[in-house]
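Student: Hi! I've got a structure open and I'd like to walk through it with you. Can we start with the sheet?

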Amino acid sequence: MAATVESAAPESLLERFHRTKGWRMALLLLSPYIVIQIIHQAAPGLFPDWLSKLGDFRFLPDWANEALLYVKDEELLGLFNFKDVTRTVSGWLEYPLDLSEQLLISGGDSFGWGPVPWIVIIGLLAGIGALLGGWKLAALAGACSLYLAMFNTFGWGAVPWVVLVGLFAVAGAKLGGWRLALLAGGCSLYLAVFGVWKDSMITLSIVFVVAPLAALIGWASGLAAVKARWFEALLVPVLNVMQSMPHFSYLLPISVFIGIGDEAGAIATIMFAVPPMARLTILGLRSVSPEVREAGLMSGCTKWQMLWRVEMPASRPQLLVGINQVLMQCFGMTVLASFVGTRGLGLPLLNYLQSLRIGKALEVGVAIVLMAIMLDRLGQALGARRPEHIDMTKSWTARHPYWIGGSAVVAAGIVLARLTEYAALLPRGGIVSTDRLWELRLPGTDIVLIDGRKGATVSTEPFWEWMVDWVQLNLKSPLGHIRDFMILEILFPMRDAFQALPWIGLLVLVAAVGWRFGGWRLAAIVALFVAYLAFSGFWIESMETLYLVVAALIVSVVIGVPIGIFASTSDRRYAAVQVILDTFQVLPSFIYLIPVVMLFRVGPVAALTAIVIYATVPAVRYTMLGLRNVPADMIEAAEMSGCTRSQVLRKVKFPMAFPEIMLGMNQVLLFGLLLVIISAFIGGIDGLGDDILLARTEQALVGEGIVAGFNVAVIGLTADQLITNYARERKAQLGID
Amino acid sequence: MATSMNGDAMISCRDVWKLYGPDPEKFLTHHDGEPSIDTVKDAGYIPAVVAASLDVMPGEILVLMGLSGSGKSTLVRCLSRLIEPTSGSVHFGGVDLLAASGRELIDIRRHRMGMVFQHFALFPHRTVAENIVFPLEVQGVDSAARRARADEILALVGLEGRGGYYPRELSGGQQQRVGIGRSLAVEPDVWFLDEPFSALDPLIRREMQDEFLRLQSVLHKTIVFITHDFSEAIRLADRIAILYEGQIVQLGRAEDLVTQPATDYVRNFARDVQRDRILTARSVMGDVSDAPPDAETVEAGAVLREIAPAVLASPHPLVVIEDGAAVGSLDRDAVIDAVWGANEAEGTHSGAG
Ligand SMILES: Nc1ncnc2c1ncn2[C@@H]1O[C@H](COP(=O)(O)OP(=O)(O)OP(=O)(O)O)[C@@H](O)[C@H]1O
Ligand SMILES: [Mg+2]
């Protein structure tokens, strides 16, 4: 208040406006919108229809369709045909995809070495390995190519599953000790034993090809952005849009140009995984401390030496985090790419879900979860590793236990596989026979938990089926009541309210908020976004999507914020919740549909639940983060002022954490938007997701699908712009970083 | 203001400016190259270095001192051209550094300059030995020669047996030894040290200062050393330059700064110093005729701490001699006044301010 006394000059209206806070501000920002609503309701005659709805505007989807057809079929600039280009690229991918699949699962001889003797190729690969990473990489490259040569020349099959399981365990041991060894070995053993080995290895073989490619492309573009300003100016907005596009928007154009199949999924996956890598590369290179850079300069580095010997290695930790993200994105996307016919773990899940074989779906779902956890933990452990000195007084064997262990596993596994077929190959598709050989019952009942069938694989399907039956039997009517109540009393009224919004009203509201937190520039940007939505021809669908996401947001906040508050109050809880959240986050979004379908079958409540499960994770995380980051001395000051615990929370911690919590809301929204499309798969909801899904099967609707996908991105970007600007301003006011 | 370069100096800079802000070159030319500090600030520029001129003689230790943000680091980086000055000239071993091409600059850095950083700036992905010989590696020196050199340096900085460790496995003091080792790997003529010991604990800092003096007594480098600790400056410096808002407000021996501070800012730095360790007989002596001709003698260059017992014990003034000839006299009052009197005067001064 001292400030008002000091400034004798009359405050301008603008200044006073900027000082207004809380509900007054909310009211101020809402007022133009309320006026519009009143006119709209009270005097419909005054309010032209086109200001309210632009439903018949379908020119954007049509344009998109025509543009796609044009690009697809005509010669671009009279030079080349776009479709040819994409087909060529997918042709290139075919070879490594084949190779990797043969190595991991199918074995085979369909690729020839041609006239080049294999011994030359082995030497070449080992040599490249030696150049890039010393003798260890050389040994690895040599061993792999030797194996490839073996299965060509001597008719060896794919790498025996015992070898792979063993190698996962050894890698776990090297990266994270015996716990990780147990985890990695256990997870891969599950895949082997429960009949999903083949599908999981197909998924893995795709990931092994696309992840390095995506990492390489992302790294190169990040590097270029750091080294050339103009490229960064070009790249960053593209990355922003790409990262707010839902997964499906990647699949659609791909399916047009490539068709369906593994290559299509691979290309979509690469495109999807490049942005985070590019971002983390930029971040990593930028975070090299200026002093370290100067140390490089003072040592007389040329530009090239600077990059390769100082900047790149010094940013290694960030690059490894990036690579882990790429790995997980690739895994998730490969699973999801089953929507365009990519094989692997996703395809059976999709089929089982569609045919409502929940038990089978759950079994595959567990496999997906385990594989995700395994890959993520291995990747994280790799990223967390820091160099350590080697005790040269120890013997060579003592210094390289894992290399020796790994080699032993490979050797023993290969020998074992020669001896017994069971160690070599698991039968295709796991279960080949329907005859039960044995079964494991819940003691004292006739509930079958696991059954063993021909081919040395077992299935947990009976157990899951039993569980699903139990749920159906016992929870059906209460769940049904909940569902009906939600739909009739909450969701439908809410949807109608959203759809009754005149677009001009939303535009004015969004622009006002934008103006408050980011000035005219932001106001113009977000207004443009809303105008785009209105003219896109998908206004109604956009509102349908928005309402569902907002409903999910509310539920997520109601659930997530209290959990976050609770978890932030002790270090142990905090750590425990953190682990759970991290695990949830690496699961492919697809997974969330399984339990939901089990509980609610189809419809908006099912979709809502899926979104809520998925989006509660960021709500909890950001609440926790915000509360934990409140400076300790501030809390002490409050306690010394005599605040009770709840007062500390209400009067100090919560206001301080609020901007961070708002950033959490932003994440919830973005997560929700991503899942809304997948949820359309459950059916029973209209909206953008539906159009996108339709476009998958209907070539003529692809333009619609792309525009709808873009609308999802635009909704996300609008919220993102408003919230991040708000949080930045508020954080600056509070003096927190 | 700008005088000609000193031909004997190892480093010689004249009228060096570094301003941060939009198009600072244009701003400087617009004001004929010498705007007042207020003009600069009012125009929204940050004056990091303002019209700095100095010479560093071969074998000399020049210490740059000043508060945080006074431009020490920026000045040193202008001298090594890690930062491009806005205007002015810098000569390094007779070569016009600012006119040097990229290739020449790399050559100069590879062979003639070494630098130690406040936060050590070690390469986290390299072992201690690999850090130390990094400058040799980028020159293309073969690995056998590098290994030999690494062993030499490890011995020199007292890190024998740690060559295979990674920086994060070492303590702060040890890390800075690696930094020092790396900066010495190519046997540079000039050694820049930017607050090398600030990040260390007081005890280790003291130990590292001793280490530094020991190294210098063997190596005889030309040194530019940054610190904001006056007692460190006094221990190490031949001459001290005091910076304030980018300007060199005074440049001279420690004794000059204590006895004739150019501004209150300099006086403030010198306030807490133990004057008896700095002041010499020469700077406080009286007229030679005051002492009886048969009195004992003290050397003109001796610091008061060493000669005070003799002076205070003597009932009459002592004779101060330089090169065998009597040049002045020193009595009890003069010593007491010089060591304790000034503090009182200063107390009055700051009380009034
Ligand atoms: N890149 C930059 N952009 C803008 N201002 C800068 C930049 N680098 C330095 N400055 C400013 O120049 C002034 C001098 O900075 P400098 O780092 O040389 O100070 P210093 O004396 O080394 O301080 P310290 O003791 O904290 O290291 C400071 O006011 C600083 O804020
Ligand atoms: Mg500095």
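Tutor: Happy to! Keep in mind that this is a predicted model. In chain B, six strands make an open sheet with mixed pairing, in the order β6-β7-β8-β3-β9-β10.

Student: Which strands are the edge strands?

Tutor: They are β6 (113-116) and β10 (247-252) of chain B, and each of them pairs on one side only. Going from one strand to the next, the twist averages 15°.

Student: Which helix packs on this sheet?

Tutor: Helix α8 of chain B, residues 172-184, packs there and touches β6 and β7 of chain B. Its direction makes about 170° with that of β6(B).

Student: And in what sense do β6(B) and β7 pair?

Tutor: β6(B) and β7 of chain B, residues 190-194, pair in the parallel sense, over four bridges.

Student: What is the bridge partner of W191(B) in β8(B)?

Tutor: There the partner is I223(B). β7(B) and β8(B) run parallel and are joined by five bridges.

Student: How about β8(B) and β3, how many bridges join them?

Tutor: Five bridges join β8(B) to β3 of chain B, residues 61-66, and these strands run parallel. Here L64(B) stands opposite I226(B).

Student: Is β8(B) mostly covered or mostly open? How many of its residues are buried?

Tutor: Mostly covered: six of the six residues in β8 (222-227) of chain B are buried. In a regular strand, side chains alternate between the two faces of the sheet. On one side of β8(B) you have T222(B), V224(B) and I226(B), and on the other I223(B), F225(B) and T227(B), with both faces covered.

Student: Nice. New topic: what does β4 in chain B pair with?

Tutor: One partner is β1 (residues 11-20) of chain B, which pairs with β4 (residues 87-92) in the antiparallel sense over five bridges. R14(B) stands opposite S89(B) there. β4(B) is also joined by two bridges to β5 (residues 95-96) of chain B, again running antiparallel.

Student: What happens at the hairpin of β4(B) and β5(B)?

Tutor: Two residues lie between the strands, and G93(B) takes a positive phi near 55°.

Student: What is G164(B) in contact with, away from its sequence neighbours?

Tutor: Beyond four places in sequence, G164(B) contacts T127(B), plus H389(A) and I390(A) of chain A. G164(B) and V128(B) are 36 residues apart in sequence, yet their C-alpha atoms are 6.1 Å apart.

Student: Let's go to chain A. How do helices α26 and α28 cross?

Tutor: The axes of α26(A) (residues 645-680) and α28(A) (residues 702-734) come within 9 Å and cross at roughly 170°. That angle is over 145 degrees, so α26(A) is roughly antiparallel to α28(A).

Student: Which residues meet there?

Tutor: Among them are F658(A), L663(A) and L670(A) from α26(A), with I715(A), I723(A) and Y726(A) from α28(A). The residues of this contact divide into 17 nonpolar, three polar and four charged.

Student: And α7 and α8 in chain A, how do those cross?

Tutor: The axes of α7(A) (residues 161-193) and α8(A) (residues 197-227) come within 8 Å and cross at roughly 125°. α7(A) and α8(A) are therefore oblique to each other. The contact includes F168(A) and L191(A) in α7(A) and W197(A) in α8(A), and its residues are nine nonpolar, two polar and no charged.

Student: Last one: which residues touch the most other members of the largest nonpolar core?

Tutor: W197(A), F248(A), F339(A) and F590(A), in a core of 174 residues. Helix α20 (residues 503-535) of chain A gives this core its largest share, 15 residues. F590(A), for instance, has contacts that include F339(A), L349(A) and I678(A). There is also a second, separate core of 61 residues, which includes V157(B) and V284(B).

Methods: Residues are numbered from 1 along each chain as its sequence is written. Chains are lettered from A and ligands numbered from 1 in the order in which they are written. This is a predicted model: local features need pLDDT of at least 70, side-chain atom pairs count only at pLDDT 80 or more; totals for chains, interfaces and linings use all residues. Side-chain values use heavy atoms; hydrogens and water are left out. Two strands pair if DSSP finds at least two bridges between them. Axes are lines fitted to C-alpha atoms, for helices over the stretch in contact, and angles run from 0 to 180 degrees between N-to-C directions. Contact means heavy atoms within 4.5 Å. Angles under 35 degrees count as roughly parallel, over 145 as roughly antiparallel, 65 to 115 as roughly perpendicular and the rest as oblique. Ala, Val, Leu, Ile, Met, Phe, Trp, Tyr, Cys and Pro count as nonpolar, Asp, Glu, Lys and Arg as charged, and the others, Gly among them, as polar. A nonpolar core is a set of buried Ala, Val, Leu, Ile, Met, Phe, Trp, Tyr and Cys residues joined through side-chain atoms within 4.5 Å. Buried means under 20% relative accessible area, exposed over 50%, partly exposed in between (1.4 Å probe, protein chains only).
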